[in-house]
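Here is a short tour for anyone meeting this structure for the first time. Have a look at the sequence and the 3D view, then read on.

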Amino acid sequence: MMRKNLDDAVDRLSDFYNRRGDNEVFIRIDVQDAQADLSTERRLLNRRTFPDVKWLYSHWERYLTKLYNLEDDSTPTIYLSPYDQGLYGAILGAELVVDKPMRIERTPFWIGSMTKPLEHFSLEELGWSEENPWLERFRSDLRYVAERARGRFGVGVLMTIDALNFVAQVLGITKALIWLYRRPDDAKRLMEFAFELNVRLVEMQRDIIDFTYKGGVFDFYGGWLPRRAVPMSVDLYNFCRPQMYTAMGRTYQQRLIDRFGGGIYHVHENGYHLIPELAKMRNVLAIWITDHNVPIHKVKALREMAGSIPLIIDCTKHQFLRDLREKTIERGVMYNIKAKNLSEANLLARKAKSL
């Protein structure tokens with residue numbers, strides 16, 4: 001049991017990422033009442049313990065099943081968010097720490113993780129073991145989810161944590177930024193290692209998930225992505241000048257994009273200055289502006305910064321409906337909107353698609 005309108009959603013997403021949707025308005029909707037009965041479960045997670053995969057899957061299944069008749073441009077995709085960042089440092093032996101759960105769009109709850117900086121870190125001893133307990137647990141959890149989701153839901157790979165993001169995961173943010181200026185050769189060496197690690201992790205996940213659809217893959221951030229594209233981040237470069245990203249980051253990320261045929265980025269408000277640099281890269285499929293409720297009047301300026309790269313924007317239902325009514329809506333953009341229930345969500349989806 002996949003989504004009722006899955007073929008239509010994937011076809012529209014294909015148009016969006018391949019720049020064939022300049023005259024369309026795309027929409028993804030967070031249906032709030034589908035998450036309502038999970039509030040108690042969310043409170044139970046405040047103990048900051050790493051959740052059991054059977055518990056996780058059961059709630060993803062319950063949540064996504066409620067969205068079977070949703071008519072927007074999203075796909076039913078499970079994401080193992082507890083491993084989101086922490087796995088990368090944990091593979092090298094760093095201590096994994098579970099973040100406080102929080103609510104995020106397109107998931108009933110978000111449970112993330114980080115790692116404490118590695119003590120006594122040595123570039124001469126870079127490497128990891130396939131028997132690392134966190135890596136073994138991740139493989140086991142992913143197999144459990146992939147086997148039960150096959151034919152029902154998509155499963156997304158983890159966001160890649162590479163370049164400066166990986167350096168910070170290993171060393172801590174302050175030390176990572178210092179390395180950029182005082183030990184650039186060592187920082188590059190660690191980034192090169194991160195490239196190889198990310199490639200192996202993505203390929204391992206794709207092998208376990210073993211499911212493609214219409215020439216692409218399901219993805220939590222993008223819904224569906226062409227080829228074997230991956231979700232990516234420039235978060236730590238938000239603290240740097242664009243020139244630093246060009247000199248100490250873009251090359252590694254371009255290689256990752258080239259390896260998998262595409263990448264989708266998320267960018268926060270303090271990283272807007274990086275958008276023109278992302279626009280210079282090959283096969284950047286989209287940029288998700290992750291700040292909540294971006295004023296629609298800013299969308300045009302953001303589109304000019306992004307060039308031909310499609311944007312995904314969070315905005316309010318009121319803003320969206322007003323611009324539809326006044327015929328000032330920016331086309332070729334994906335809008336993330338909240339709706340109270342499925343009926344309201346489908347009404348919004350039909351309005352967007354009827355333009």
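Which residue in strand 12 is the bridge partner of V267? That partner is I289.

## Before we start

What you're looking at is a predicted model, where local features need pLDDT of at least 70, side-chain atom pairs count only at pLDDT 80 or more, and totals for chains, interfaces and linings use all residues. Residues are numbered from 1 along each chain as its sequence is written, and side-chain values use heavy atoms, with hydrogens and water left out.

Let's begin with the open sheet: six strands in the order 1-14-13-12-11-10, paired in parallel. Strand 1 (26-31) and strand 10 (230-233) sit at the edges with a single partner strand each, so one side of each has no neighbour in the sheet. From one strand to the next, the twist averages 25°; angles run from 0 to 180 degrees between N-to-C directions, with axes as lines fitted to C-alpha atoms, for helices over the stretch in contact.

A word on terms: two strands pair if DSSP finds at least two bridges between them. Helices (H or I, at least four residues) and strands (E, at least two) are DSSP runs, numbered from the N terminus.

## Strand by strand

Back to V267 and I289: strand 11 (residues 263-267) and strand 12 (residues 284-289) pair in the parallel sense over five bridges.

## Two helices side by side

Helix 8 (residues 184-209) and helix 10 (residues 250-260) pack at an angle of about 20°, and their axes are 10 Å apart. They therefore count as roughly parallel (angles under 35 degrees).

## The cysteines

How many disulfides are there? The count is zero, taking a disulfide as a pair of cysteine sulfur atoms within 2.5 Å. C240 counts as buried at 5% relative accessibility, and C315 counts as buried at 3%.

Notes
Buried means under 20% relative accessible area, exposed over 50%, partly exposed in between (1.4 Å probe, protein chains only). Angles under 35 degrees count as roughly parallel, over 145 as roughly antiparallel, 65 to 115 as roughly perpendicular and the rest as oblique.
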